[in-house]
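Dear colleague,

I am passing on the structure we spoke about, and my notes on it follow below. Please read them with the model open beside you.

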Amino acid sequence: MSGAAGPGPRLFRSLAAPAPGWTAEADAIVVGSGIAGLTAALELRTHVPRVLLVTKGRLLSGSTVWAQGGIAAALDPSDSPEAHLADTLAAGGGLSDPDAVQVLVTEGPERVRELVARGAVFDKAADGDIALTREGGHHADRIAHAGGDATGAEISRALVAQIEAVRHDPGIEVVENALVLDVLTTAGGRACGVTLHVRGTGSRDGVGAVLAPAVVLATGGIGQVFRSSTNPAGATGDGIAAALRAGAVLGDLEFVQFHPTVLWLGTGAKGQVPLISEAVRGEGALLLDVDGHRFMPAVHEMAELAPRDVVAHAIVRQMAATGADNVLLDARHLGAEFLRTRFPTINARLLEAGIDWSEEPVPVAPAQHYHSGGVVTDLDGRSSVDGLYAVGEVACTGVHGANRLASNSLLEGLVFASRAARDVAARFAAGELKPGEPAERSGGSGLVAAAARSRVQKVTSAGSGVIRSARSLAEVDERLAAVRSDAHLAADVVAEPQAAEWETTNVYQVARALTRAAALREETRGGHYRTDFPEPDDAWRRRVQIWLDDAGVLQAE
């Protein structure tokens with residue numbers, strides 16, 4: 001087939017950073033404080049003697065807080081795991097791993113009930129059971145939500161409360177405001193800890209090293225690789241980049257989900273932008289172009305409730321046809337009282353933007369939302385690097401395939417974090433996970449100047465965004481190659497080992513790897529749309545895998 005893989009660009013295999021000024025030890029390190037990281041830490045705390053939970057900001061700063069719609073699970077007696085499996089496979093564009101999906105849908109309902117036992121309060125129906133709604137791609141009401149449209153915030157609140165209750169337990173330590181730099185590896189390539197930079201006050205500050213035989217990455221997504229994203233500012237692809245530098249195999253990087261309905265704030269908008277939850281369309285809101293024409297019924301049999309990639313591509317095409325920068329989401333017929341009570345968070349954000357959606361349609365356009373790819377793992381969260389695990393959005397479990405089904409992300413983080421924690425605990429008890437001595441990796445270290453981030457984002461968004469082609473991807477690769485990224489930056493380039501440079505370096509390396517994967521996949525499938533290959537091709541019904549060799553050369557197959 002064309003698009004055959006060959007050596008790609010050379011990337012360094014560690015971040016330039018000061019030598020660790022302090023060292024600590026643990027039995028397991030969890031990096032991240034979203035649903036996956038908090039679940040893993042809580043599970044591990046009861047099974048291994050010393051757990052370290054590291055989070056980039058505060059405990060409540062993970063991406064989970066921003067999740068609006070809900071968590072999908074077959075909780076209604078009229079629903080079934082088999083039906084949930086069928087919907088997930090359909091959304092995945094033929095690339096979802098059926099075994100991974102089977103784990104998700106069969107273990108999911110019990111994990112959600114455990115979440116309730118941990119204090120999460122979901123909205124209730126009139127009969128007192130958990131209220132369930134429907135979102136795009138689902139053929140049943142199976143979306144549990146909290147606070148109307150504040151599901152992630154409620155789940156985070158409950159899990160953080162559990163962590164706070166044991167914060168003084170000697171078996172667990174929480175380190176906030178800490179950016180993990182690199183995964184440490186032994187001479188044999190096993191994970192044996194992390195280096196991290198702790199900001200703020202306290203006995204541990206600056207760059208340090210924590211040694212542990214198990215590292216669980218739960219660092220979330222890559223939103224800041226693009227100019228506009230629903231992800232928080234901290235979503236700079238840190239976990240994916242660190243795993244790549246450590247030698248882990250990445251997969252499905254090209255499958256980026258662009259949320260169809262993000263509030264359009266003008267051409268100058270960047271960073272995190274508010275999304276208008278798919279649940280709004282689930283409740284009956286309609287998509288119109290700027291001429292007032294409803295276009296989705298002609299695109300897909302499920303109209304506004306079609307899978308997200310279908311809706312996002314349709315919106316981009318409709319924008320091109322009308323010459324507009326946005327389309328309109330019309331929820332006026334749902335009524336002011338319903339909109340205010342069902343979607344209080346969205347309602348408040350729209351009012352802050354000067355929009356009363358009970359009186360006028362909302363301008364929306366697609367923006368980066370979720371990454372279906374990541375660190376390739378097995379069903380227990382194990383990566384290709386022994387001792388290194390990945391759970392949640394940073395992982396590529398095979399559940400999502402080419403496109404994530406709505407509200408499966410929180411469930412995936414919950415289910416696979418539990419499985420990974422149990423696996424770490426079992427291997428620790430069996431003596432399989434033992435401390436190791438960090439070794440210097442070949443391939444060199446380096447930085448990308450923080451000033452280059454906006455350039456990287458602009459280039460990646462233009463050529464590796466919603467719609468791609470061989471030409472656009474080649475331009476991205478060429479322009480990113482021109483960004484200085486070696487260990488010996490020019491004398492006039494201002495770049496010092498510090499948080500902004502480390503994050504920008506991660507953004508840069510993820511952009512290079514994602515663009516490489518997108519260029520190789522010469523077809524359109526799920527969240528990956530190629531104008532030069534507009535149809536799916538069975539020859540590409542497989543996973544594109546990316547890794548760095550010992551010299552730091554990006555390889556793919």
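With which residue does Asp238 form a salt bridge? The partner is Lys56, and the closest N and O atoms of the two are 2.6 Å apart. Since Asp238 belongs to helix H5 while Lys56 sits in the loop between strand E4 (51-54) and strand E5 (71-72), the pair ties together parts that are 182 residues apart in sequence. Asp238 counts as buried, at 9% relative accessibility. Please keep in mind throughout that this is a predicted model.

Glu114 forms one with Arg111, with the closest N and O atoms 2.8 Å apart, and both residues lie in helix H3 (residues 98-117), three residues apart, or about one turn of the helix. Glu114 is partly exposed, with a relative accessible area of 29%, whereas Arg111 is buried, with a value of 11%. The side chains of Arg167 and Glu176 also meet in a salt bridge, at 3.9 Å from N to O; here Arg167 is partly exposed at 24% and Glu176 is buried at 14%.

Asp289, by contrast, is buried yet has no salt bridge, and the nearest side chain of opposite charge, that of Arg332, is 11 Å away. Asp289 lies in the loop between strand E17 (286-288) and helix H7 (308-322), where its side chain makes a polar contact of 3.0 Å with the side chain of Gln318.

Turning to the sheet, five strands form an open arrangement in the order E22-E20-E14-E24-E25, with mixed pairing. Strand E22 (395-396) and strand E25 (554-556) stand at the edges, each with a single partner strand, so one side of each is left without a neighbour in the sheet. Strand E14 (residues 250-251) and strand E24 (residues 545-548) pair in the antiparallel sense over two bridges, and Leu250 has Ile546 as its bridge partner in E24. Helix H5 (residues 238-245) packs on this sheet, touching E14, strand E20 (374-376), E24 and E25, and its direction makes about 65° with that of E24. Helix H13 (residues 499-520) packs on the sheet as well, touching E24 and E25, with its direction at about 30° to that of E25.

Finally, Leu181, found in strand E9 (residues 178-185), is buried, with a relative accessible area of 1%, and its contacts include Ala242, Arg245 and Trp502.

Technical notes
Residues are numbered from 1 along each chain as its sequence is written. This is a predicted model: local features need pLDDT of at least 70, side-chain atom pairs count only at pLDDT 80 or more; totals for chains, interfaces and linings use all residues. Side-chain values use heavy atoms; hydrogens and water are left out. Helices (H or I, at least four residues) and strands (E, at least two) are DSSP runs, numbered from the N terminus. Buried means under 20% relative accessible area, exposed over 50%, partly exposed in between (1.4 Å probe, protein chains only). Contact means heavy atoms within 4.5 Å. Lys and Arg count as positive and Asp and Glu as negative; His and the chain ends are not counted. A salt bridge is a side-chain nitrogen of Lys or Arg within 4 Å of a carboxyl oxygen of Asp or Glu. A polar contact is a pair of N or O atoms within 3.5 Å; within protein, one must be able to donate a hydrogen and the other to accept it, and residues adjacent in sequence count only if both atoms are side-chain atoms. Two strands pair if DSSP finds at least two bridges between them. Axes are lines fitted to C-alpha atoms, for helices over the stretch in contact, and angles run from 0 to 180 degrees between N-to-C directions. Lists of a residue's contacts leave out its neighbours within four places in sequence.
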